[in-house]
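Thanks for coming, everyone. I will keep this short.

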Amino acid sequence: MVEILDEHSAPVRSFPRAFGVQAETIFEPAALLPLLVTKPGAWSHSQLRPLVPEPVREWLDKATATNRRRLLSAVEAASGSAGFDAAITAADLLIQRGDAPEIAALGMLARRLADGTSPAVENVDLSVYDIFTTESFTTVNTLTGEIA
């Protein structure tokens, strides 16, 4: 292991040590997120880009700098509580559904995925609530007994 220590010799980050000659760089994907939030234009050259699923990569490639920053910030926030893999999977699911990958939805879905809970059913039948718009109801004032 290679450990990076703070000024009090407490471990900040640990990485597996690479022995021998390797063609790839070893890094923690979540560690790149704060840098990409600060400079979202660096996304196209980031080592993180090939690691994310195609829908997320395509969405980030086409997004404006502001929207790219929002999604990367949401993934960063969700990574802290649920882990990088769950956060990226949550972003992927939201984008594939056509939902906006906002910070609240992404964080909640990422925590559910990290806990092993399956996402909610996509198509919920809300027709049971039509009764509130199609039927009239009478109400009784309990103080006066008047019917409205």
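Start with a term: a crossing of helices is left-handed if the near helix is turned anticlockwise from the far one by less than a right angle, and right-handed if clockwise. Hold on to that for a few minutes.

Now the ground rules. This is a predicted model, so local features need pLDDT of at least 70, side-chain atom pairs count only at pLDDT 80 or more, and totals for chains, interfaces and linings use all residues. Residues are numbered from 1 along each chain as its sequence is written, and side-chain values use heavy atoms, with hydrogens and water left out.

First, the overall layout. The protein chain has six helices and two strands. From the N terminus on, the order is β-β-α-α-α-α-α-α. Helices (H or I, at least four residues) and strands (E, at least two) are DSSP runs, numbered from the N terminus. Of the 148 residues, 25% count as buried. Buried means under 20% relative accessible area, exposed means over 50%, and partly exposed is in between, with a 1.4 Å probe and protein chains only.

On to the strands. Ser-9 sits in the loop between strand S1 (2-5) and strand S2 (11-15). Most residues other than glycine have a negative phi. Ser-9 is not a glycine, yet has a positive phi of about 65°. Its relative accessibility is 53%, so Ser-9 counts as exposed.

Ser-14 is in strand S2. At 34% relative accessibility, Ser-14 is partly exposed. Which residues does Ser-14 contact, leaving aside its neighbours within four places in sequence? They are Met-1, Val-2 and Glu-3. Contact here means heavy atoms within 4.5 Å. Ser-14 and Met-1 are 13 residues apart in sequence, and their C-alpha atoms are 6.4 Å apart in space.

Now the helix pairs. Two packed helices are described by the angle between their axes and the distance between the axes. Axes are lines fitted to C-alpha atoms, for helices over the stretch in contact, and angles run from 0 to 180 degrees between N-to-C directions. Angles under 35 degrees count as roughly parallel, over 145 as roughly antiparallel, 65 to 115 as roughly perpendicular, and the rest as oblique.

Pair one is helix H1 (residues 29-38) with helix H3 (residues 65-82). Their axes come within 9 Å and cross at roughly 150°. That makes H1 roughly antiparallel to H3. The crossing is left-handed. On the H1 side, the contact includes Leu-33 and Val-37; on the H3 side, it includes Leu-72 and Val-75. By class, the residues of this contact are seven nonpolar, three polar and two charged. For the classes: Ala, Val, Leu, Ile, Met, Phe, Trp, Tyr, Cys and Pro count as nonpolar, Asp, Glu, Lys and Arg as charged, and the others, Gly among them, as polar.

Pair two is H4 with H5. They pack at an angle of about 120°, with axes 8 Å apart. H4 and H5 are therefore oblique to each other. Their crossing is right-handed. Among the contact residues are Ala-87 and Ala-91 of H4, and Leu-106 and Ala-110 of H5. This contact has 12 nonpolar residues, one polar and no charged.

The angle is about 145°, and the axes are 8 Å apart. Trp-59, Leu-60 and Asp-61 of H2 meet Asn-67, Arg-68, Leu-71 and Leu-72 of H3.

What about the inside? A nonpolar core is a set of buried Ala, Val, Leu, Ile, Met, Phe, Trp, Tyr and Cys residues joined through side-chain atoms within 4.5 Å. The largest one has 26 residues, and Leu-48, Leu-71, Val-75, Leu-106 and Ala-110 touch the most other members. H1, helix H2 (54-62), H3, helix H4 (84-97) and helix H5 (103-114) each supply at least two residues of this core. H4 gives the largest share, eight residues.

Not counting residues up to four places away in sequence, Val-75 touches Leu-33, Phe-84, Ala-87, Ile-88, Ala-91 and Leu-106. Ala-87 is in helix H4. At 0% relative accessibility, Ala-87 is buried.
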